[in-house]
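The sequence and coordinates are shown first, and the comments come after them.

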Amino acid sequence: MKSTKSISRRKTRILVADDHPLFREGLVQLINREHDLCCCGETDSVVATQTAVLTLKPDLVVLDLRLKDGDGLELIKALKARCPKVLILVVSQHDEALYAERALRAGAHGYVMKEEATEDVRSAVRTILKGELYVSRKMSVLALHKLLAKVPAREGNYIERLTDRELQVFQMIGAGMATADVAAELKLSYKTVEAHRENIKHKLGLRNAIDLLCHATHWVHGLSGNDPRGLTAAGILDRKAS
């Protein structure tokens with residue numbers, strides 16, 4: 001954790017949490033170029049971010065959902081539990097169509113994808129500091145369609161059926177992690193992770209552990225479709241052969 005030297009109290013204090021040094025440096029420069037904003041610190045892990053929020057007391061935290069030692073969604077929940085007044089903007093490479101709503105439910109006040117222009121980040125910061133929520137126009141339209149849709153949410157994007165923790169486990173399975181590794185990483189019991197695996201299979205209509213592994217792997221790599229029921233081990237082999 002790095003803390004800047006004396007900073008004008010008139011400026012809004014922003015903490016940047018991202019484990020990519022170059023991207024983090026870009027955010028810091030963007031913030032410090034604004035006459036009324038300043039970066040009061042930088043972090044690259046969940047533990048360091050929690051400590052920095054308590055010690056530096058920033059007005060706003062700009063963070064990625066993937067840090068060195070943990071999950072960003074769980075970090076948002078923890079920060080809001082300990083510091084309810086802190087504002088949080090997520091700037092992430094994760095698809096906003098899946099993660100923006102989850103981040104807002106966890107306690108964030110805005111979501112911007114890393115592929116967007118710096119002006120979008122600046123606009124998001126300004127919007128949040130005014131007490132409003134920020135998502136992209138695309139996400140706003142999706143949210144409106146979801147609100148007005150007659151089809152129940154459970155019939156929409158199948159991944160939305162998963163809880164935040166189940167989604168986290170699903171991703172880790174897709175990254176090749178065994179149950180014991182997932183348990184150690186998330187500081188959960190082996191039985192708890194197994195229960196999450198069973199819930200995921202049930203919610204996604206997957207028949208067994210092999211189908212779960214195959215689908216999770218292909219979803220993580222962006223290869224799966226919207227319906228997991230047709231994505232079995234045999235189906236994957238057929239795809240590779242074609």
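**Notes on the predicted model**

1. Strand β4 (residues 60-63) and β7 run parallel and are joined by four bridges. Within this pairing, Leu63 lies opposite Val90 of β7. The coordinates come from a predicted model, and the remarks below should be read accordingly.

2. Strand β7 also pairs with strand β8 (residues 110-113), again in the parallel sense and over four bridges. Val90 takes part here too, with Tyr111 as its bridge partner in β8.

3. How much of β7 is covered? Strand β7, which spans residues 87-92, is mostly covered, with five of its six residues buried.

4. Helix α3 (residues 72-82) has Gly72, Leu73, Leu75, Ile76, Leu79 and Lys80 as its buried residues. Viewed down the axis of α3, these buried residues fall within an arc of 155°, so they line one face of the helix. On the face of α3 turned away from the buried side, the exposed residues are Ala81 and Arg82.

5. How many disulfides does the model contain? The count comes to zero. For Cys38, the closest cysteine sulfur is that of Cys40, at 6.4 Å, which is too far for a bond; the cut-off applied to a pair of cysteine sulfur atoms is 2.5 Å.

6. Is Cys38 buried or exposed? Cys38 counts as buried because its relative accessibility is 5%, and the limit for burial is under 20%. Cys83 is buried as well, with a relative accessible area of 18%.

7. For the protein as a whole, the secondary structure consists of 11 helices and eight strands. Of its 242 residues, 45% are buried. The protein exposes about 13300 Å², and carbon and sulfur atoms supply 54% of that area.

8. A final point concerns contacts along the sequence. Among contacts between residues at least 6 apart in sequence, 62% join residues that are at least 24 apart.

Definitions and conventions. Residues numbered from 1 in each chain as written. Predicted model: local features only at pLDDT ≥ 70, side-chain atom pairs only at ≥ 80, totals over all residues. Heavy atoms only, no water. Buried < 20%, exposed > 50% of the residue type's maximum accessible area, 1.4 Å probe, protein only. Helix = DSSP H or I, 4+ residues; strand = E, 2+ residues; numbered from the N terminus. Contact = heavy atoms within 4.5 Å. Areas by Shrake-Rupley, 256 points an atom, 1.4 Å probe, with all protein chains shown as cover. Pairing = 2+ DSSP bridges. Arc of directions from axis to C-beta.
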